[in-house]
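Please look at the sequence and the structure below, and keep both in view while reading the report that follows.

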Amino acid sequence: MLPWAFSARAASGIPVGLELYSVRDDLKRDLEGTVRAVAGMGYQCVEFYAPYYEWSEPQTKQMRKLLDDLGIRCYSTHNDAGYLAPDKIERTRDLNNILGCKYVVQASSPPQTSLDGWKNIANSLNAAAEKLEPAGLKVGYHNHQPEFRVLEGKRPMEILAKETNANLMLQLDVGTCLEAGSDPVAWIKANPGRIHSMHCKDWSPDPAKGYKVLFGEGVADWKNIFAAAESVGGIQYYLIEQEGSRYPALETVKRCLEAYRAQRGA
């Protein structure tokens, strides 16, 4: 456990948070009220996604104050690739430092048609990491399906893992890894110490369900995924993410947290 991670209520001692894309419409209607509601459910941290970049410095400081008042943390943000480019990275650095983040995560990449394209992305991630390191920030990369689909005989995620510096976080999205036909447990074990956070998103192969299933209702082998993350992955915090379900968004994430705690024995 890192020294900056507070005492967690989860049985494992690892904080569980929410990727706020899960409640994106509520967030647009009432930013602070939604963060309060999420904290009230028992989430211990949140991950803001791309729209945070448009906040003014006073807005960002107000959000940090709210997080502090609520006793929750923002360990990382999700960012468009452009936010790590040279013309925007200083603003990204400043906003993340105000929020108290430790990781700046690139949420996705433009489509690539060759492994050389993925190597170029790895190089850009390394360059961004070098610029953010003096500010105490580390870079992360979040996978979707394309990173795990074979291209020119290899999975692009293998290229990203090999070509990036070892201190770059490989933030695992469990659901998209599964949909692409890869094994999350095997991936974690193949990249020890680099899976510092994880999006706990379930998935069902039933086309009528897909990502609409709640945590624990899909095919993810959470018991072994958590065991691998905690034994070799270097996990520091979990993030529940939901793309929608049969329930309203806030009820959805509340049910997911309850299911997570039941699964964990918390």
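In this predicted model, I225 is in contact with V174, P184, V185, I188, M198 and A220, when its neighbours within four places in sequence are left aside. The residue I225 itself belongs to helix α9, which covers residues 222-233. Is I225 buried or exposed? With a relative accessibility of 1%, I225 counts as buried, because buried means under 20% relative accessible area.

The contacts of I225 can be set beside a count for the whole protein. Among the contacts between residues at least 6 apart in sequence, 78% join residues that are at least 24 apart. Buried residues, of which I225 is one, make up 53% of the 266 residues in the protein.

**The protein as a whole**

The protein has 10 helices and 8 strands, and its C-alpha trace spans about 45 × 45 × 35 Å along the principal axes. How does the radius of gyration agree with that of a compact globule, and what are the two values? For 266 residues a compact globule would have a radius of gyration near 18 Å, and the protein has 17 Å, so the two agree. The accessible surface of the protein comes to about 11300 Å², and 49% of this surface belongs to carbon and sulfur atoms. As for charge, the protein has 31 positive and 33 negative side chains, and the centres of these two sets lie 3 Å apart.

**Cysteines**

A disulfide is a covalent bond between the sulfur atoms of two cysteines. How many disulfides does a search of the whole structure find? The search finds 0 disulfides. For C177, the closest cysteine sulfur is that of C200, and because the distance between the two sulfurs is 13 Å, they are too far apart for a bond. C256 is likewise in no disulfide, since the nearest cysteine sulfur, again that of C200, is 10.0 Å away, whereas a disulfide needs two cysteine sulfur atoms within 2.5 Å. Both cysteines are away from the surface in terms of accessibility: C177 is buried, with a relative accessible area of 0%, and C256 counts as buried at 0% relative accessibility.

**Residues with some exposure**

E152 lies in the loop between β5 (138-142) and α6 (156-163), and E158 has its place in helix α6. Q62 is part of helix α3, which runs over residues 57-70, while P205 is found in the loop between β7 (197-200) and α9. The table gives the relative accessible area of each residue.

| Residue | Relative accessible area | Class |
|---|---|---|
| E152 | 53% | exposed |
| P205 | 53% | exposed |
| Q62 | 37% | partly exposed |
| E158 | 31% | partly exposed |

P205 and G218 are 13 residues apart along the chain, and their C-alpha atoms are separated by 8.1 Å. E158 and Q263 are 105 residues apart along the chain, and a distance of 30 Å separates their C-alpha atoms.

Conventions. Residues numbered from 1 in each chain as written. Predicted model: local features only at pLDDT ≥ 70, side-chain atom pairs only at ≥ 80, totals over all residues. Heavy atoms only, no water. Helix = DSSP H or I, 4+ residues; strand = E, 2+ residues; numbered from the N terminus. Rg over C-alpha atoms; globule rule 2.2 N^0.38 Å. Buried < 20%, exposed > 50% of the residue type's maximum accessible area, 1.4 Å probe, protein only. Contact = heavy atoms within 4.5 Å. Areas by Shrake-Rupley, 256 points an atom, 1.4 Å probe, with all protein chains shown as cover. Lys, Arg positive; Asp, Glu negative; His and termini not counted. Charge placed at Lys NZ, Arg CZ, Asp CG, Glu CD.
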